[in-house]
Amino acid sequence: MKKIFIVLIALVFYSTSVAAVEKFKFKYNLHENLPKKWVTEFENIMDIVQEVMPINENTNHWVKNNMKLMNMKQGYGMDIYAWKRTKNPFPEKRANMKGSCICETNSPAPWVQLDLNPKDLADSRNKIRTYSVIVHEYFHVYQRALSHDKFSDRNSPKWLFEGGAKVLQEIYARQYYKKYLLKSDLQEQKRWSIKKVSKETNLYEKYNTSPQKNGFDSNYAGSAFIVLALVNELKKNNISEQEAFELVFREFWIQRGKKPRGWNWQPAFQNTFGMTVTEFYKRLSKYKRKDLKKILPNKSLKIQDIFS
Ligand SMILES: [Zn+2]
């Protein structure tokens with residue numbers, strides 16, 4: 001009996017200590033002009049992404065300190081604002097918010113904003129973009145957490161963090177909505193140039209040098225192609241597709257967190273992928289536009305398999 005009692009006490013302690021892991025908390029600021037259906041989807045998606053890619057006090061010491069600071073300052077980790085496109089949606093919070101982003105990452109309290117195009121909300125195909133953008137922006141918060149806030153283009157290549165977010169949001173959309181915009185987005189000639197991607201990849205390392213074709217690395221198609229080529233090269237080294245995506249979506253950011261701030265992200269790249277940046281760019285230089293079909297993610301790939 002005594003033994004059972006001790007076991008029980010140990011179990012109680014164990015379960016309370018597990019339950020006590022504090023999560024990174026978001027505050028949702030959802031505009032009243034949003035359709036109810038979208039709000040429900042938003043809440044579902046946030047539950048799923050936080051379960052699959054958790055951010056909590058055990059993530060690393062940077063997250064733990066950041067959570068302490070933000071909880072003291074505002075009682076939670078980060079604001080998320082969402083609205084159907086309108087002028088000045090939250091005048092009492094911040095003036096003239098525009099566009100979707102994780103915004104002002106250099107400020108003490110960055111936030112996420114989702115600016116939804118009414119035309120997309122009304123269109124059965126593009127509606128998926130208003131859902132997958134939630135995954136995209138949450139993923140930036142995750143990259144920020146793992147890398148100790150070293151994911152902006154002063155610290156990491158833009159093609160890797162934006163291309164990664166684009167590929168991940170499309171894998172998610174395929175899995176949960178059976179809609180796949182990655183192939184069609186990347187097939188559009190006007191969105192990116194294979195010559196620039198394969199021969200001048202370094203331009204895609206920064207926002208302000210990223211080649212512009214009808215807008216700014218339109219929908220991050222060029223960056224997404226580079227990410228898919230990287231995964232393809234990793235697969236040639238006997239790494240499974242799931243593992244390769246895990247390296248791109250998670251391990252790189254953990255490795256990046258361990259190195260100092262600044263442009264010197266190359267050692268983290270080499271530690272993660274087992275090849276130098278120069279070597280990868282050389283391999284990428286051989287890619288043709290038609291290779292896209294061969295390097296798209298497997299149709300049955302699930303985000304849970306990547307992050308498990
Ligand atoms: Zn982004």
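A disulfide is a pair of cysteine sulfur atoms within 2.5 Å, and in this predicted model the count by that rule comes to one.

**View 1**

**View 2. Domain 1 and domain 2 of the protein chain.** The chain is divided into two parts, with domain 1 covering residues 21-146 and domain 2 covering residues 178-308. Taken over C-alpha atoms, the centres of domain 1 and domain 2 are separated by 24 Å. To the contact between them, domain 1 brings 12 residues, while domain 2 brings 15 residues.

**View 3. The area buried between domain 1 and domain 2.** Between them the two domains bury about 1200 Å², of which 67% is on carbon and sulfur atoms. On the side of domain 1, Val52, Arg129 and Leu146 together supply 41% of the area buried against domain 2, which is more than any other three residues supply.

**View 4. The salt bridge between Arg129 and Asp185.** Arg129, one of the three residues named for the buried area of domain 1, forms a salt bridge with Asp185, and the closest N and O atoms of this pair are 3.0 Å apart. The count of salt bridges between domain 1 and domain 2 is one. As for polar contacts, two residue pairs are found across the interface of domain 1 and domain 2, both at pLDDT 80 or more.

**View 5. The helices on the side of domain 1 that touches domain 2.** The elements that give two or more residues to this side are helix H2, spanning residues 36-52, and helix H5, spanning residues 127-146. Helix H5 gives the most, with seven residues on the side of domain 1 that touches domain 2. Sorted by class, this side of domain 1 has seven nonpolar residues, three polar residues and two charged residues.

Note on methods
Residues are numbered from 1 along each chain as its sequence is written. This is a predicted model: local features need pLDDT of at least 70, side-chain atom pairs count only at pLDDT 80 or more; totals for chains, interfaces and linings use all residues. Side-chain values use heavy atoms; hydrogens and water are left out. Domain bounds come from an automatic or database domain assignment. Contact means heavy atoms within 4.5 Å. Buried area is the accessible area (1.4 Å probe) that two parts lose on being put together, summed over both. A salt bridge is a side-chain nitrogen of Lys or Arg within 4 Å of a carboxyl oxygen of Asp or Glu. A polar contact is a pair of N or O atoms within 3.5 Å; within protein, one must be able to donate a hydrogen and the other to accept it, and residues adjacent in sequence count only if both atoms are side-chain atoms. Helices (H or I, at least four residues) and strands (E, at least two) are DSSP runs, numbered from the N terminus. Ala, Val, Leu, Ile, Met, Phe, Trp, Tyr, Cys and Pro count as nonpolar, Asp, Glu, Lys and Arg as charged, and the others, Gly among them, as polar.
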